Amino acid sequence: MNRAHNFSAGPAVLPLSVVEQLSAALPNFQSTGLGLMELSHRSPTFDAVHRSAEDRLRRLLGIPEDYRVLFLQGGASLQFHMTALNLLAENESADFIVSGVWAKKGLVEAQRVRAGRVAWDGNDTQYDRLPDTLETDPNAAYLHYTTNNTIYGTQFTKHPDVGALPLVADMSSDICSRPIDVGAHELIYAGAQKNLGPSGVTAIILSPWAVDKSPGGLNPMLDYTLQVEKRGLFNTPNTFGIYALERVLAWIEDFGGLDAMSQRNQQKAAALYGEIDRTDFWTGHAVPTARSEMNITFRAPSPELDTQFVQEADAAGLKGLKGHRSVGGLRASTYNACPPESVAALVAFMQEFESTHG
Ligand code: PMP
């Protein structure tokens, strides 16, 4: 099968073995005579899939037993709204680390519902770094941060140290790429379409604090209290997406879990940053100490060469390398399912491009 090297930022490459399992599940799932997308979400067959997805996520991330896990729809964008709606009481405010476009959207949505305050903003340096220090509001209800900045290519290596201030994290673009301390967070959310599966499913992990904070009585679709009570089955979930996510998590477990995955991700990122640093032809966007292992942002010597690189790479079977429209340049997304062979092909292509155009 002729699959291209896929560096798209999301929806992103999935493991081929998972894509094959999904394809096989469509006409007749587990010998039920019913296709995966044609099964009731309340059937025992789907219930087993749903529970397995949750169990696998719990095992992989080491989610504390008293935390709850949901697979909802609406993407991370809906969580910008739901977090503020459920976690901020009247007169409460949340602090935000504005490390990029998505973090800013979280702030804007909190401000629409209640109040949001900037604890740090990287705008002055085009979001090429992460904070050394934060100015947190001692009365903030929580601090929201984005673990990996998909657009500018920066990534926290550790959660911010904010003492007793509750932490809420958008982990859309690096969840399950490395071990994390779930217990240090009160709420984590992540759209699935980068590291966990297809778009249309969002994983949400809630501490007892987060569940207690939710006042209840909200629109049911937006209400953590109700969604937790119904295990995310208030209405029809994305059954296909949850199965795909379950298979991706099985693939990560078979690979050796998050330590093994993290090692592979580090090696892929090191190969690309190594090439960027090897010559003056390429310029990396993020400062070295804040570099993301998931989204590697760089540029050629001119915008014209960036465009030419994207075109020539595409023709050579290396897809999705154009930088986000808000920053330009180039971006290689190297999520879990991006194989080291794709990275090696990209490095070889960069060398060839430099020798022709340098
Ligand atoms: N947060 C981050 C870090 C993202 O990368 C994205 C999407 N690229 C979003 C939020 C928005 O996600 P969605 O499209 O699932 O709403």
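## Backbone exceptions and helix packing in a predicted model

Ser31 is exposed, its relative accessible area being 68%, in a model that is predicted rather than experimentally determined. The residue sits in the loop between helix 1 and helix 2 (44–61), and its phi is near 55 degrees, a positive value in a residue other than glycine. Most residues other than glycine have a negative phi, and most peptide bonds are trans.

A second residue of this kind is Cys176, which is not a glycine and yet has a positive phi of about 65 degrees. Cys176 belongs to the loop between strand 8 (167–170) and strand 9 (187–191), where it is buried, with a relative accessible area of 1%. The cut-offs behind these two descriptions are under 20% relative accessible area for buried and over 50% for exposed. The table sets out the two phi values.

| Residue | Phi | Source of interest |
|---|---|---|
| Ser31 | near 55 degrees | positive phi, other than glycine |
| Cys176 | about 65 degrees | positive phi, not a glycine |

The peptide bond between Gly10 and Pro11 is cis, with omega about -5 degrees, and Pro11 lies in the loop that runs between strand 1 (5–6) and helix 1 (16–25).

Turning to the helices, helix 4 comprises 13 residues, 101–113, and spans 19 Å from its first C-alpha to its last, which is close to the 18 Å expected at 1.5 Å a residue. Which residues of helix 4 are buried? They are Ala103, Gly106, Leu107, Glu109 and Ala110. Viewed down the axis of helix 4, these buried residues fall within an arc of 165 degrees, so they line one face of the helix. An α-helix has 3.6 residues a turn, so residues three or four places apart point the same way. The cover over the buried residues of helix 4 includes helix 3 (75–87) together with strand 3 (93–98), strand 4 (115–121) and strand 5 (143–146).

Two packed helices are described by the angle between their axes and the distance between the axes. For helix 9 (residues 303–315) and helix 10 (residues 340–357), the axes come within 11 Å and cross at roughly 130 degrees, and the two helices are therefore oblique to each other. Their crossing is right-handed. On the side of helix 9, the residues that take part in the contact are Leu305, Gln308, Phe309, Glu312 and Ala313, and these meet Leu346, Phe349, Met350, Phe353 and His357 in helix 10.

How values were computed:
Residues numbered from 1 in each chain as written. Predicted model: local features only at pLDDT ≥ 70, side-chain atom pairs only at ≥ 80, totals over all residues. Heavy atoms only, no water. Helix = DSSP H or I, 4+ residues; strand = E, 2+ residues; numbered from the N terminus. Expected span 1.5 Å × (residues − 1). Buried < 20%, exposed > 50% of the residue type's maximum accessible area, 1.4 Å probe, protein only. Arc of directions from axis to C-beta. Contact = heavy atoms within 4.5 Å. Axes fitted to C-alpha atoms, helices over the stretch in contact; angles between N-to-C directions. Parallel < 35°, antiparallel > 145°, perpendicular 65-115°, else oblique. Left-handed = near helix turned anticlockwise from the far one by under 90°.
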